[in-house]
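Good morning, and thank you for coming.

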Amino acid sequence: MASATGSFFFASFLRQPFFASRPSSRWPATAIANADRIVVHARFQRPLEEIYSVRVERGVSAERLEALGVDRWSTWKTGKFRLPWDWHVDQQVYVVSGEVRVLPEGAKSGENHMRFVAGDLVRYPKWFEADLFFDGPYEERYRFRAYGDD
């Protein structure tokens, strides 16, 4: 599984010795301790959709829905509850109403979740495991996809 964060390291070499004796809000304390070399550690986070290979199209047009035949897909409705789920095949979902929060298995906290709302077309990959949280009335159209189907 890919890591949710990556790192870039930026190094800057300082020749002026006064940084070691003059703390500043511009330089962190750890950087001031070594005036010959400063290393600043920056972090970035990739979207969970990218990490877990979940494809999403937001605000899908009526033409796209008609081309996919969404009106012929199976319908599923629910109210407020939590559903642990794992996908054995790809599943394509069109959110008709409501919203769902998807917390992938292995996510570090509840803050790291995907959120899909009415109008989103989502494709969950095979072998994906997650907890689905529905906070109110929810309706979706869905179909299961074989490997290689687009």
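Let me begin with a convention: two strands count as paired if DSSP finds at least two bridges between them. Strands themselves are DSSP runs of E with at least two residues, numbered from the N terminus. Please bear in mind that this is a predicted model, in which local features need pLDDT of at least 70 and side-chain atom pairs count only at pLDDT 80 or more, while totals for chains, interfaces and linings use all residues. Residues are numbered from 1 along each chain as its sequence is written, and side-chain values use heavy atoms, with hydrogens and water left out.

I turn to the sheets. Strand 4 and strand 11 run antiparallel and are joined by five bridges. Within that pairing, Thr78 has Tyr138 of strand 11 as its bridge partner. Both strands belong to an open sheet of five strands, ordered 3-9-6-11-4 and paired antiparallel. Strand 3 (55–57) and strand 4 (74–78) are its edge strands, each pairing on one side only. From one strand to the next, the twist averages 25°; for such angles, axes are lines fitted to C-alpha atoms, and values run from 0 to 180 degrees between N-to-C directions.

Another open sheet has four strands in the order 5-10-7-8, again with antiparallel pairing. Strand 5 (81–86) and strand 8 each have a single partner strand, so one side of each is left without a neighbour in the sheet. Here the twist from strand to strand averages 25°. Inside this sheet, strand 7 and strand 10 pair antiparallel over five bridges, and Leu103 has Asp131 in strand 10 as its bridge partner.

Next, the salt bridges. How many salt bridges does a search of the whole structure find? There are eight, where the criterion is a side-chain nitrogen of Lys or Arg within 4 Å of a carboxyl oxygen of Asp or Glu.

Strand 7 contributes to two of the pairs that I wish to show. Glu99 forms a salt bridge with Arg115, with 3.1 Å between the closest N and O atoms. This pair links distant parts of the chain, from strand 7 (residues 99–104) to strand 8 (residues 114–117), and its members are 16 residues apart. Glu99 is partly exposed at 26% relative accessibility, as is Arg115 at 43%; the term covers what lies between buried, under 20% relative accessible area, and exposed, over 50%, using a 1.4 Å probe and protein chains only.

Arg101 meets Asp135 in a salt bridge of 3.5 Å, N to O. Here too distant parts of the chain are linked, as Arg101 lies in strand 7 and Asp135 in the loop between strand 10 (129–134) and strand 11 (138–145), 34 residues apart. Asp135 is partly exposed at 43%, and Arg101 is partly exposed at 25%. Elsewhere, shared partners join Glu49, Arg58 and Asp120 into one salt-bridge network.

A further salt bridge, at 2.8 Å from N to O, brings together the side chains of Glu57 and Arg64. Glu57 has a relative accessible area of 32% and is partly exposed; Arg64 is likewise partly exposed, at 32%.

Finally, the aromatic rings. Rings of Phe, Tyr and Trp, the last by its six-membered ring, pair if their centres lie within 6.5 Å; planes under 30 degrees apart count as stacked, over 60 as edge-to-face and the rest as tilted. The count comes to 12 aromatic pairs. One aromatic cluster is formed by Tyr52, Trp85, Trp87, Phe116, Tyr124 and Phe128.
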